Each structure stands twice: as structure tokens, then as C-alpha cells.
Amino acid sequence: ALTFVVLLVVAFLVSSFLYVDAERSREAERLSALSYRKARDQAQETAEELLSTLYFSQMNLAGQSMQDPGGVGQMREILASWEPEQAGVDLRGWEWFHMSAFCQREQLVLKGHRSNVWSVDWAPDGTSIVSSASGEGKLRFWDISAGEQVSVIETKAGRWVAFSPDGTRLASCSFEGDVEIWDAQNGRRLFALRGHKPGITVRCVAWNQDGTKLASVDNGGILILWDVERGRLLQRQDLGQPRLSSVSWNRAGSRVVVGGAGGITVVDTDSGDKLWAAPATVVETVRWSPNDSLIAVGSSHGSLRTFDAASGEQVGEVDADFESLWCLDWDPQSRRLVTAHRDRTLRIWDARSLEVVQTLPGSTDQIYCVRWSLDGSRIVSGGADYAVRVWEVDPKNQTIVLDAGHDFVSSIDWDSTGSLIAT
């Protein structure tokens, strides 16, 4: 019996010890879990504080970018990094939305013209823009950084204006058959090129790549090639279709493509031979791709077509569900196209698939002209709202509005540095 009692006592003591030990272990585990949760919460709180600090630091940097020339592009990159899909959390406050709205608003307005703006172009040195307006009799030069008019040329020519590739000369054409060459530095008229019928509208002029030749087309169906160095006519052709509206050189300077009411025609600039033609309904704009492989064509009923430049075979076509396509241009890599429309938008297309990759709204009226900068980062447009707008398309679209008091802006171009525009 004594032995049994001893065993019971021993068993009690052992079980008590095991119980106490288990309780101690459970308490240790509880304390450890509490400590872990506390450390985790503190780490999370610290991470949130650091993320918040980073957010406000970058918002401050974005705000400073608002004052820098070209800083809107950096601002857009910063804002995009704090979109919920990118950041994984939505910390955006009023400051984010304020700066996002700032990126979309007009940045620069140039006032001066009192008539329809038909054409703009950039000077190659990137410091100024030239613009022309119908019926006004003036070519206006603008300092793009100061946003001010710096000089004016009195002229009849107001339909189209284009800087020579080296920026030393300016070519312009008019509604009265005039084609004139100007000294871009002092505004002095160098000479006039006589060949179009007096009183006819010369709708477009274009320089070849080395600036030695000029092409011009008119409403009567006439294409003229000029030797600008000697100021003389090289070729004059009746292409047999009315209302020629656009002309573009290939990079090699050996061919031009001309668009008009009846379609497009590719002409050998040495022999004058018509190499191939394609019918189209009221072509408003044609443009040779920078790599010479494709020709893009836009028509007044809204279609966009691309052709193999060598064979004339149609490569792609989009009969868009929007109104007239007035003007188009290629990016420098020949990968994208930008088109200007009557519905007040610009559309950027993938050149291979002819699918819209971006739409740039913002004009208050029809857009008649558009040009891509040579560095591919910006697009300039103009139209019936009297304004010239500059968009940053890399990495995000940005709008700068250059309102010179124009009426219709129907032609536009960049200089070789991408910092100047002429309308």
C-alpha cells in the first residue's frame, strides 16, 4: 500500500511538472507570437511611413518639374509610377490629381495671326517657329522658349511654308500661284519661282533631303520640280487629275509622291516618268516613310492606307469611323503614324497593323495639319481653332498650345532638332 501511495505521489508530481512546463511553453509561444505581431506591425507601419515619405518626396519633385522646360514629361513618368496598378497601393491625394490635370492643359499660346493658319514649320536650330495664315499676307516667326513673336515677313504666300533642311531658307506658296524663297535669317525674299498659272492655288511645297530641289503642286493638277540653287524650273507635269493637295519626297531624292482628288502618283524626279499610280477618293495628304519603304495616304472621307513604295502594292487600309483625315506624318523610325482629323483628335497608329495605339484629344476645332519631331518625342498640330499644339508622346502625351490667333491651320512642320515648329 505504501508503495502504491508513493507511486501516486510521483505520478502527481511528474504530471504537475509536465503541466507547468507545457503552460510555460504555451506562454512563451503566446509572448513570442505577440512579439512577432508587434514587430510585424511596427515594420509595416515603418514601411507605410517610408512609402508615404517617398510619395510626397516624388510629388515634390514632380511639382518642381512643372517649372522646368520639358519637365512635364518627367512629371508624367513620376505620376504614372504612383498609379495604383503600378504602386500596389493608392496613396494619391489632391496633389497627384492637380498635377495630372496640369499635364493635360495648354502650356503655351502664341497670338498674332488674324486669319486661317494653313502651315507651320520648325527651324532646324530649334529656337523658332514660322507660321503662315491665308489672306493675311504675313509669315510670322516665333521664339518658342519666350513664346513671343520676333519678326514678320510681308508676303502674298500663305498657303504652305517649309524650312529648308539646313534652316537657312524658307519656301512658301500662295493662293495666287506664287512660290517664293526667303532668307530665313533676315526675312529677305531671295527670288520667286514662276511656273504655276497666275491665280491658281499652290497647295503644297516640299524640299528634297539636301535642300537643292523643291516640289510644288497646285489645284490645276500641275507638279513642278525646281532647282532652288539656280532658281529655275526643272520639270513641269500635268498629272491629269484636279486639285493636287500634297507632295512628299523619298529620302534618296529620286522620287516624289503626289496626292490629289483622283488618287496618288509616284514620279521619277530625274526622268519625269510616272512609275505607278493608285486610285483613291479625294486624297488630302501623302507622306513617304523616313526609311523609304512605305507611303501613307489619307483621304477626306477618313480612310488611311499604306502602300509599298517600290511596287505600289497596297499594304494596309483602315476605313475609319471618324470624319475627314486631313494630314498625317511618320515618326522618325517609320514605326508609327500620326493622323489629324475633323473630329478634333490626333490618332497615333502602329504602322504595321494600322491599329490605333493612342488618341490625343484636346483641340477645340478641326485639326488640319500635324508633324512629328525628328527625335520622335513630340508632335505638333494646328487647325481651325487658330492654335498650334505641341504634344509630348514619350513617355506620355503632353500638350503645349501655340495659339497665334490663326483661323485654319492646315500645314505644319518640325525643324531637325525637334524644338521649333512652323505653321
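Q: What counts as a disulfide here?
A: A disulfide is a pair of cysteine sulfur atoms within 2.5 Å.

Q: And how many disulfides does that rule give?
A: The count is 0 disulfides. This is a predicted model, where local features need pLDDT of at least 70 and side-chain atom pairs count only at pLDDT 80 or more, while totals for chains, interfaces and linings use all residues. Residues are numbered from 1 along each chain as its sequence is written, and side-chain values use heavy atoms, with hydrogens and water left out.

Q: Is Cys-204 buried or exposed?
A: Cys-204 is buried, at 2% relative accessibility. Buried means under 20% relative accessible area, exposed means over 50%, and partly exposed lies in between (1.4 Å probe, protein chains only).

Q: What about Cys-369?
A: Its closest cysteine sulfur is in Cys-327, 6.3 Å away, which is too far for a bond. Cys-369 is buried as well, at 0% relative accessibility.

Q: Different topic. How many salt bridges are there?
A: The structure holds 11 salt bridges, each being a side-chain nitrogen of Lys or Arg within 4 Å of a carboxyl oxygen of Asp or Glu. One of them joins the side chains of Glu-229 and Arg-169, at 3.1 Å from N to O.

Q: Where in the chain do Glu-229 and Arg-169 sit?
A: In distant parts, 60 residues apart: Glu-229 is in the loop between strand E11 (222–227) and strand E12 (232–238), and Arg-169 is in strand E6 (residues 169–173). Strands (E, at least two residues) and helices (H or I, at least four) are DSSP runs, numbered from the N terminus. Glu-229 is partly exposed at 48% relative accessible area, whereas Arg-169 is buried at 13%.

Q: Which residues form a network of salt bridges?
A: Asp-227, Arg-230 and Arg-232 do. Asp-227 has its closest N and O atoms 2.9 Å apart in the bridge with Arg-230, and 3.8 Å apart in the one with Arg-232.

Q: How accessible is Asp-227?
A: Asp-227 is buried, at 7% relative accessible area. Arg-230 is exposed at 62%, and Arg-232 is partly exposed at 41%.

Q: Now the strands. In what sense do E3 and E4 pair?
A: E3 (residues 138–143) and E4 (residues 148–154) are antiparallel, over 6 bridges. Two strands pair if DSSP finds at least two bridges between them.

Q: What stands opposite Asp-143?
A: Glu-148 in E4 does. The hairpin has 4 residues between the strands, and Gly-147 takes a positive phi near 70° there.
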